[in-house]
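Here is a short briefing for a first look. Keep the sequence and the 3D view open as you read.

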Amino acid sequence: MARAVTTNRKIITSAAAWTIALIIFFPIFWTILTSFKTEAQAINDPPLFFNFDWTLENYAIVQERSDYMKFLWNSVIVAGGSTLLGILIAIPAAWSMAFVPSKRTKDILLWMLSTKMLPAVGVLYPISLIFVEFNLLDTRGGLIVVLMLINLPIIVWMLYTYFREIPGEILEAARMDGATLKEEILYVLTPMAVPGIASTVLLNFILAWNEAFWTLNLTAANAAPLTAFIASYSSPEGLFFAKLSAASTMAIAPILILGWFSQKQLVRGLTFGAVK
Amino acid sequence: MSLRTTLCAATAMTLVATSGVFAESHSKTITIATVNNGDMIRMQGYTDTFTEQTGIAVEWVTLEENVLRQRVTTDITTKGGAFDIMTIGMYETPIWGANEWLVPLDDLSAEYDVDDILPAMAGGLSHDGTLYAAPFYGESSMVMYRTDLMEAAGLEMPDAPTWEFIREAAAAMTDRDNDINGICLRGKAGWGEGGAFITAMSNSFGARWFDMDWNAQFDTEAWANTLNFYKGMMDESGPSGYATNGFNENLSLFNQGKCGMWIDATVAASFVTGDDSTVADSVSFALAPDNGLGKRSNWLWAWALAIPAGTQQEAEAKQFIEWATSKDYIELVAANEGWANVPPGARTSLYENPDYQAVPFAQMTLDSILSADPTDSTVEPSPYVGIQFAAIPEFAGIATEVSQEFSAAYAGQQSIEEALEKAQAITNEAMEAAGYR
Amino acid sequence: MATKASRSAARIMMAPAVVLLLGWMLVPLTMTLWFSFTKYLPLRGDSIERGLDWVGFDNYARFLSSSSFWPSVQTTLIMVGGVLIITVVLGILLAMLLDQPIWGQGVVRILVIAPFFVMPTVSALVWKNMLMDPVNGIFAHIWRFFGAAPVSWLSDASLSSVIMIVSWQWLPFATLILLTAIQSLDSEQLEAAEMDGAPALKRFWFIVLPHLSRAITIVILIQTIFLLSIFAEIFVTTGGAFGTRTLTYLIFQRVIDSQNIGLGSAGGVYAIILANIVAIFLMRIVGKNLDT
């Protein structure tokens, strides 16, 4: 920045930004902190910040009650599988929309987005009946397909906006050199779009990970992901703040860590074509 | 983390992920959907004992009550077959049994001693005399109160109090400065939460849901009296935000010593006298209050295990049910965790056991259960079976909306008259849609 | 550049996505439409195998005339509108703040985007119990510390509370997109305006805001899509009581609590119509803004 920034101004903005950031982060911080308290300490009046005996017993109880790894594994498979499948289907579609646009391209794009507006609960019965008919209930495969379909419009749109930023001349040059369509997509387009694809993958992994309606209603014991794990801790009898906090921390930790490590990609990538 | 590694990691993850997609589970494993109540969670801890005895593995799907209802109801009506055993209650069992969605439990072994199940429980879990679900634990409701606070207020709790006494005592025990509320009651919306409480309470005020022609009765004076009394007492002596308190919230308040009295499920007795309670030593019990009209305000409920028709593992499922609701299971829990922690309210023999009779709340629980009659719950005649519910398929939907109107009145967002008017409209609307009127 | 060959190739490559989504839309939609014209009460023994009774527009009329219908539409619009306003306004302010040079920018950014990674069920549970509980919640402690009576958030200020929870979840998303847009703002243009003596407010209004309009549209579009079907936050916190029953939630009650599939399906069709009205409205704006 060319402008000279006075230290004073930096102090003020830093203080403001940190205050707001800490307020926004507080609920998560408080949950993580509470997960290390005993149940009695969790509801202590006044609230305890760091002056308590840190304990891991809540995590032990939660792990004993439900096999965390199984839920975690299902979450990884379902979120990962649906994202991968979605990307594979979306890349060709986004390519053709971006490089061979027709009059209807925008309509198709908007129509795709509008399929996301169907209220899930309105089609719970139809989908359940279809799942029963095809024996998909409580299978990870079925869940992967549903989550893929739910997020496909977003994937297509994100990829479309990234692809459009790639100059068409490069592709044309590749074509001149005799590249086939497949080669063009695989060796020219995809490498250039890697940042865009990476952040699309990230965003959709997060969306699929957090999806809590279908993952609950279409699973039982075999395919249940972390959203089902948390549903068994929402209001047990008696004091439960600490156990709930531990379960919550376990449910959000993997995605929180993934998100933090990759936040640069996410920040850079989350434009949806907002920047031209 | 660099871009490339992120991408590689994500790709690797998805590749690994898809490889295990269609893995199937093996036979000899039964899947059980259950509610996350304390007794059920304890049962999960003993699953290994069952597996050792029988070689049958058990997969648990433990869900919060509302999620469980939603999940198992969808599964049974769409014939999903995701579960081999479902944990359901007295409301669902007769309705599902009538639709032949459940496997009748009419061939249980002699050893199991089906006649030992308390008649009130067996009756509520049957349709046309056939048992469709075995009670894991049963409950009624009763008054739990703090002896120390009662004494300090200079009052003595009778074994069978009236509502007038409860209200007076609540006012006398309330000490806002020390954060002590004379009485804690359910106000939370939901037919199984505040809806269940107010319906049971209304019975003692002479109210009923429907007259013999299935007309809603919320325009009667009895209902207005019930709600006015409830709200009046709770505003005087209840905790702040009582309109969102359900069983768990009240339990938590009581255990923290913030309630003088609490009228709720008898199973709570073992929690308020247990390790998590700060007031365990000064709790005593009394029958749910009445108004001298001949009906008390206690309900009857059981959490029971049922087998959905069409499961591939019917024999194994039956084996599990026989194990989990048996006398042996009760003894297993008693041996490990003491008699106070066994699942109560299901078997007559439990209450004849001298060891169990020594538990402080045993007799009051039994008396409460015995005084509840689902077939004759209202002062004036009613066409339905059930105390805190009416055992018709439409009830859950109607009562959830009605209780939402009531909760809004408790919170002061509308008057009691408005709430009752809306309740009347909602109920008649729904009964019309279902073809009753 | 588009040759005939590449056009047909393009069509083929678009086919899987289009066909899949068409199926995903049409199959359940057809079934929902069918159910909505029938009496389908599974608990009364109705099932597809036994055949469903055709009842014409009964379910539609009943759903529309129900006393809960209009309030639920209103609640839906207030909720979506409220969250949009909060997230966009705060998002712009936050994005402008984060664009300034500050110490520990990376950490601040991580803290701010964190809520986006929290699953809706968890955030609803955490807010309801740990923060908003009128006895043990952290807000109650704060209120008591200042000598005020704790607020029963979820009964006395239910709709605002739900809007607050949902806004918390979506604020990071809005901030991220708006931040990316702000970063692409030409700083020389701003400096020139500053030199010319344009006050900060004017600079914001005439330079920053127009530059952000495209990003704002996109935030509104994407969020509306997700917000119209909000469910977990209501289910966990109020269960639809205290005036938080949105159209989606009303349908849930008809389908799950009342087990009236016909009536619920009719409600579903209304929800689709409402979503499409909103969509057309939105796409008019977006379509204009997305034109290149």
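The points below go from one chain, to a contact between chains, to details of another chain.

This is a predicted model. Chain A is built from helices, with 13 helices and 0 strands. Chain C meets chain A in a contact that takes 83 residues from chain C and 82 residues from chain A.

**Chain A**
- From the N terminus on, its elements read α-α-α-α-α-α-α-α-α-α-α-α-α.
- Along the principal axes, the C-alpha atoms of chain A fill a box of roughly 70 × 70 × 30 Å.
- Chain A has 276 residues, and buried residues make up 57% of them.
- Take the contacts in chain A with a separation of 6 or more: 81% of them are between residues 24 or more positions apart.

**Where chain C touches chain A**
- Chain C puts 83 residues into this contact, and chain A puts in 82 residues.
- On the chain C side, helix 1 (residues 4-36) gives the most, with 17 residues.
- The chain C side divides into 61 nonpolar, 18 polar and 4 charged residues.

**Strand 3 of chain B**
- Strand 3 (residues 85-89) of chain B has 5 of its 5 residues buried, so the strand is largely enclosed by the rest of the structure.
- Both of its faces are covered. Ile85(B), Thr87(B) and Gly89(B) are buried on one side, and Met86(B) and Ile88(B) are buried on the other.
- Strand 1 (residues 29-35) of chain B pairs with strand 3 of chain B in the parallel sense, over 2 bridges.
- Ile32(B) has Ile85(B) of strand 3 as its bridge partner.
- Strand 10 (residues 300-306) of chain B runs antiparallel to strand 3 of chain B, and 4 bridges join the two.
- Ile88(B) has Ala304(B) of strand 10 as its bridge partner.

**Helices 8 and 10 of chain B**
- Two packed helices are described by the angle between their axes and the distance between the axes.
- The axes of helix 8 (residues 163-173) and helix 10 (residues 221-237) of chain B come within 9 Å and cross at roughly 20°.
- Angles under 35 degrees count as roughly parallel, so helix 8 of chain B is roughly parallel to helix 10 of chain B.
- The crossing of these two helices is left-handed.
- Helix 8 of chain B makes the contact with Trp163(B), Arg167(B), Ala170(B) and Ala171(B). Helix 10 of chain B brings Phe229(B), Met233(B), Glu236(B) and Ser237(B).
- The residues of this contact divide into 5 nonpolar, 1 polar and 2 charged.

Notes. Residues numbered from 1 in each chain as written. Chains lettered and ligands numbered in written order. Predicted model: local features only at pLDDT ≥ 70, side-chain atom pairs only at ≥ 80, totals over all residues. Axes fitted to C-alpha atoms, helices over the stretch in contact; angles between N-to-C directions. Parallel < 35°, antiparallel > 145°, perpendicular 65-115°, else oblique. Left-handed = near helix turned anticlockwise from the far one by under 90°. Contact = placed C-beta atoms within 7 Å. Nonpolar A, V, L, I, M, F, W, Y, C, P; charged D, E, K, R; others polar. Buried ≥ 20, exposed ≤ 12 C-beta atoms within 10 Å, placed from the backbone. Pairing = 2+ DSSP bridges.
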